[in-house]
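Please look through the structure shown here with the briefing that follows. The points are grouped by topic.

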Amino acid sequence: MSAQQAETPQCAARYDPNVPSEAPVPLPSAPLQTLAPGITFQPPLSRRGHGPGLIAFLPPSRGTIEKSTLKHLDPEPVQKWAEEGYGVVGVSDIEETEQTIAQALTLSLQCLAESPSIDIKDKIVYHAPFIPLLLNLLPSYPAIAALITHGFACSTSPIPAMAHVPKASDNPIAMCPTSTGPRIKVHTYDVASPHFVIPSSGKGSFSPSSAAMAHTRSLVFLRSHIGGPFFDIEEIWEEHTFFEFVDRSVAKTMGTMVAEPYVNHVPTMTGGVGRTALAEFYRDHFIFSNPASELVTVSRTVGPDRVVDEFVFRCVHDRMIDWLLPGVPPSGNQLEIPMIAVVNVRGDRLYHEHIWWDQATALQQAGHLPAFVPFGEDGKAKLRLPTDGYASARLLLDETAGQSNLMFGEDWGVQSK
């Protein structure tokens, strides 16, 4: 969903898979390459198709989680960072010896140096589980510009480093020396496992919210030390919403999103988790079901990988709006509903949208939520509900168009008469 200041036309009657605008949009495709046993190379999976190089030393395989049990759709680190626009060498299941690590580094750096998809000279090492050995080797590899670790906060580092460390004091990795030196930034998380960013680490280890926070911090850190990749995520968001509301194309809308995206309209829990479910939602319950509407922007905040839009959604409730008021027959009323969209962008494509609004305001404007409800055991008193229809939207658009704190007055709350 978008916050555009443009009135959308009446929607098409139905989805037609045969029109040119619904031609399938291929996802970025770059086959995974095997360099040696336990070492692979994934070229960037952004639409741009090129970017910096990253070497990801991963913990031994700890099994997988069925997709149906995942709360979020985070891919494994190699794919996730490739979708961010990096060329990623993944190293796993190797012996933890200095010689083996050195061989893996040499092969990884050679691959990145020779790949035409790598356009930034400096490289990064990510998630190395054997930091003491690696730190001894780093001076011999000047192409490595930065280091990110999980579970181990090194006390010294020859290059800029960031550590993501569990708070648990009984975790032997977390008890390693930490540092607040100028070249090392340490973040702590309320998690039990150092593998909290690895989806396949299993239930109780992987933490979606902490993983998301660590990922954003890592992204900012890496960009600051290697000079990219940078994407115009505001433009990416506007492109997505153009295909939703103006072009009204399911295929093009999905073409702006990563391999496995999701949308969650929080008050009604509508949307879709995963590419297939989300495409079906857009096709059957959103793009071709919306009434003519106006979305008036109040504010926009742009971060390193998120856009937060604050806006007012205006429309006439002349049809059932599945995502907003599912199952509620059209009232014919004008709706003016304050909303917030929190949009996560991975690389140059959308990962997810969280859309928020006050459902009580929506129901009251549609004429299905009374201002008063019975109160007390005998029901003789009445409770005036703390919602006021259109007033909240109008005060949001213009702080002088109403009065704050009216609901603190005697005309609100429990009324005995």
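Phe 245, Phe 281, Tyr 282, Phe 286, Phe 313, Trp 323 and Trp 357 are linked by ring pairs into a cluster. The model is a predicted one. In total, 12 aromatic pairs are counted in it.

**Aromatic pairs**

- A pair of aromatic rings is described by how far apart the centres are and by the angle between the planes.
- The ring centres of Tyr 262 and Tyr 351 are 5.6 Å apart and the planes stand at 90°, so this pair is edge-to-face.
- Trp 323 and Trp 357 form an edge-to-face pair, because their planes are at 85°, with the ring centres 5.6 Å apart.
- This pair too links distant parts of the chain: Trp 323 is in the loop between strand 12 (306–316) and strand 13 (334–346), while Trp 357 is in strand 14, 34 residues apart.
- Both Trp 323 and Trp 357 are buried.

**Charges over rings**

- Which residue lies over the face of Tyr 351? Arg 346 does, at 4.2 Å from the ring centre.
- Trp 412 has the charged end of Arg 384 over its ring, 3.6 Å from the centre.

**The chain as a whole**

- The chain contains nine helices and 17 strands.
- Of its 417 residues, 50% are buried.
- Among contacts in the chain with a separation of 6 or more, 64% are between residues 24 or more positions apart.
- The chain has an accessible surface of about 19300 Å², and carbon and sulfur atoms account for 55% of that surface.

**Cavity**

- Rolling a probe the size of a water molecule over the atoms shows where empty space is left.
- How many cavities of 30 Å³ or more does a search of the whole structure find? The search finds one.
- The largest cavity holds about 70 Å³ of space.
- Its lining is made up of Asp 74, Pro 75, Pro 77, Lys 80, Trp 81, Tyr 126, His 150, Val 197, Ala 211, Ala 214, His 215 and Ser 218.
- Helix 1 (77–83) and helix 4 (208–226) are the elements that give two or more residues to this lining.
- Helix 4 contributes the most, with four residues.

**Two residues and their contacts**

- Val 302 is part of strand 11 (residues 293–302).
- With a relative accessible area of 43%, Val 302 is partly exposed.
- Leaving out residues up to four places away in sequence, Val 302 touches Ile 233 and Glu 234.
- Val 302 and Glu 234 are 68 residues apart along the chain, and their C-alpha atoms are separated by 7.0 Å.
- Pro 59 sits in the loop between strand 3 (51–57) and helix 1.
- Is Pro 59 buried or exposed? Pro 59 is buried, because its relative accessible area is 10%.
- Leaving out residues up to four places away in sequence, Pro 59 touches Ser 92, His 127, His 195 and Ile 198.
- From Pro 59 to Phe 130 the distance is 9.5 Å, C-alpha to C-alpha, and in sequence the two are 71 residues apart.

**Backbone exceptions**

- Most residues other than glycine have a negative phi, and most peptide bonds are trans.
- The peptide bond from Gly 228 to Pro 229 is cis, and its omega is near -5°.
- Pro 229 is located in the loop between helix 4 and helix 5 (233–245).
- Asp 93 is not a glycine, yet its phi is positive, near 55°.
- Asp 93 lies in the loop between strand 4 (87–91) and helix 2 (98–114).
- Asp 93 counts as exposed, because its relative accessibility is 54%.
- Asn 405, also a residue that is not a glycine, has a positive phi of about 70°.
- The loop between helix 9 (391–397) and strand 17 (413–415) holds Asn 405.
- Asn 405 has a relative accessibility of 51% and so counts as exposed, the cut-off being over 50%.

Methods:
Residues are numbered from 1 along each chain as its sequence is written. This is a predicted model: local features need pLDDT of at least 70, side-chain atom pairs count only at pLDDT 80 or more; totals for chains, interfaces and linings use all residues. Side-chain values use heavy atoms; hydrogens and water are left out. Rings of Phe, Tyr and Trp (its six-membered ring) pair if their centres lie within 6.5 Å; planes under 30 degrees apart count as stacked, over 60 as edge-to-face and the rest as tilted. Buried means under 20% relative accessible area, exposed over 50%, partly exposed in between (1.4 Å probe, protein chains only). A charge sits over a ring if NZ of Lys or CZ of Arg is within 6 Å of the ring centre and within 35 degrees of the ring normal. Contact means heavy atoms within 4.5 Å. Accessible areas come from the Shrake-Rupley method with a 1.4 Å probe; for residues, only the protein chains shown count as cover. On a 1 Å grid over the protein atoms alone, a cavity is a set of points where a 1.4 Å probe fits but cannot get out, and a pocket is an open set with protein on both sides within 12 Å along at least five of seven lines; lining residues have an atom within 4 Å of a point. Grid points are joined across faces, edges and corners, and a volume is the space filled by probe spheres set on the points.
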